[in-house]
Amino acid sequence: MFNYIDEFRNTDAISVLRDSIMKYEDDEIKIMEVCGTHTMAISKYGIRNILPKSVKLISGPGCPVCVTPTSYIKSVFKLLENENIIIATFGDMMRIPNNGVSLLHKKAEGKDIRIIYSPLDAINIAKENKNKKIVLLSIGFETTNPIIAMTLERAKENNLKNFFALISNKTIPKVLETLLNDKELGIGSFIYPGHVSVITGTKFYKDILNKYNVSGVVTGFEAVDILYSIYLILKNKKLKKNFFENNYSRVVKEEGNKIAIEKTYGVFKPCDSTWRGIGNIPMSGLKLNDEYMDFDAVNKFDLNINVNSEVKGCICGEILKGKKLPNECMKFGNECTPQSPIGSCMVSSEGTCAAYFKYEGIK
């Protein structure tokens, strides 16, 4: 039976690509990987350690937990003041600190917080607890947005009056343009996200090439995937040629997943959104369509989740923009560790600080 993974972990291919990359002697280039899973893979495989000094890999805001504003978690804590509320959340939200206190602490104090593995689990919780108000913590990018939309469709079909969603879902395209317009950052090329691209397709990346003359490669998450993409970027940089290539065509198609896109925009519509460390980005988020507004927790409980306030002394915002590395933060590895995180970049398993701490250590 054909194995779709082993060929992308082939040590001979890795060696050839490494040797080819090490021959690069051209001008400095900054390559930003956008996806948090890429960040983890790059650190896991030690890819930064085999690059020429002129090649800088920087991490972007591709982790949904990391870019969720601190005001969102403060709103969750406000909700927990109501004894009649059950919070349904993915596990990676549990450790985000609010003044040193996380949802794990609140759960230990007796608050009804339930970890779910699918948003649809929250529907069952609502059905089984009709005397309670269930609030789903809804965050994510294009890969998560369709299943959240499906969950809200199910809530409407079941006429659930006790189900609500605290929405902070975001989309990738506009944040890429925001980063490109930051001339101080000086992105030379992108490694585009594989999972997101399965949904969105590749048209927008071609638009970036045409509008900003910036190269990019959609790629997978194995060592050969990533190294080959870097090789392509450097090869074309040397030829002074800007390009786009889909290096993950085994999964990503140009048109994307039309059903998932239709599902998303049958429930949501674009809106301005606050990204932690970056600020407000027009039309980079999602809000509920009018026919689903009865499920909106912000309106139901009078919350404000789009206020951007940073944790004092945490440089997570600069890390999310690729302007600083985790080990440039005085708190990294000292006050801020995966066991007691201060900023969201250390909380999430896809966060840049968590990746550096796990695979690259404190330098």
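Two strands are taken to pair if DSSP finds at least two bridges between them. In the predicted model described here, strand E3 (residues 85-89) and strand E5 (residues 133-140) meet this condition, with 4 bridges in the parallel sense. Within this pairing, alanine 88 has leucine 136 of E5 as its bridge partner.

Both strands belong to an open sheet of 4 strands, arranged in the order E4-E3-E5-E6 with parallel pairing. Strand E4 (113-115) and strand E6 (163-169) form the edges; each has a single partner strand, so one side of each remains without a neighbour in the sheet. On average, neighbouring strands are turned by 20 degrees against each other, direction ignored.

Two helices are considered in relation to this sheet. Helix H4 (residues 70-79) lies across E3, E5 and E6, and runs at about 165 degrees to E6. Helix H6 (residues 121-128) packs on the sheet and touches E3, E4, E5 and E6, its direction making about 170 degrees with that of E5.

Helix H11 (residues 223-238) comprises 16 residues; at 1.5 Å a residue it should span 22 Å, which agrees with the 22 Å between its end C-alpha atoms. Buried residues of H11 include Val224, Asp225, Leu227, Ile230 and Leu234. Just after H11, lysine 240 adopts a positive phi of about 55 degrees.

Aspartate 296 is located in the loop between strand E11 (279-288) and helix H13 (297-301). Aspartate 296 is buried yet has no salt bridge, the nearest side chain of opposite charge being that of lysine 287, 8.9 Å away. Not counting residues up to four places away in sequence, aspartate 296 touches Ala165, Ile167 and Leu288.

Definitions and conventions: Residues are numbered from 1 along each chain as its sequence is written. This is a predicted model: local features need pLDDT of at least 70, side-chain atom pairs count only at pLDDT 80 or more; totals for chains, interfaces and linings use all residues. Side-chain values use heavy atoms; hydrogens and water are left out. The expected span of a helix is 1.5 Å times one less than its number of residues. Buried means under 20% relative accessible area, exposed over 50%, partly exposed in between (1.4 Å probe, protein chains only). Lys and Arg count as positive and Asp and Glu as negative; His and the chain ends are not counted. A salt bridge is a side-chain nitrogen of Lys or Arg within 4 Å of a carboxyl oxygen of Asp or Glu. Contact means heavy atoms within 4.5 Å. Axes are lines fitted to C-alpha atoms, for helices over the stretch in contact, and angles run from 0 to 180 degrees between N-to-C directions.
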